[in-house]
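Please read them beside the structure.

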Amino acid sequence: MEKLKFKTNINCSGCIAAVTPHLNKAEGIKNWEVDTNNPDKILTVEVEGIDAQDVTATIEKAGFKATEIE
């Protein structure tokens, strides 16, 4: 399992509620969390068999932006 981190614009509980169904049903995403207290709104995702581009596409489908950080 691999951990990926993204800078996002997911900044409140309403945003988390909007993105939750997309991330929960995405194939290959095992676990995820958003640190809304961090100014960069860091999304940490545990993935298996998918890459950062797939995660970014899932976030964008939910109406948010995500940029992978190293």
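1. Lysine 7 is partly exposed, at 43% relative accessibility; that class lies between buried, under 20% relative accessible area, and exposed, over 50% (1.4 Å probe, protein chains only). The partner of lysine 7 in a salt bridge is aspartate 40, with 3.7 Å between the closest N and O atoms. A salt bridge here needs a side-chain nitrogen of Lys or Arg within 4 Å of a carboxyl oxygen of Asp or Glu.

2. This pair joins distant parts of the chain, 33 residues apart: lysine 7 sits in strand β1, and aspartate 40 in the loop between β2 (29–35) and β3 (42–47). Aspartate 40 is also partly exposed, with a relative accessible area of 34%. The whole structure has 1 salt bridge.

3. On sources: the model is predicted, so local features need pLDDT of at least 70 and side-chain atom pairs pLDDT 80 or more, while totals for chains, interfaces and linings use all residues. Residues are numbered from 1 along each chain as its sequence is written, and side-chain values use heavy atoms, without hydrogens and water.

4. The chain has 2 helices and 4 strands, in the order β-α-β-β-α-β. Helices (H or I, at least four residues) and strands (E, at least two) are DSSP runs, numbered from the N terminus.

5. Of the 70 residues in the chain, 39% are buried. The C-alpha atoms fill a box of roughly 30 × 25 × 15 Å along the principal axes.

6. Glutamate 2 belongs to strand β1 (residues 2–8). Glutamate 2 is partly exposed, with a relative accessible area of 45%.
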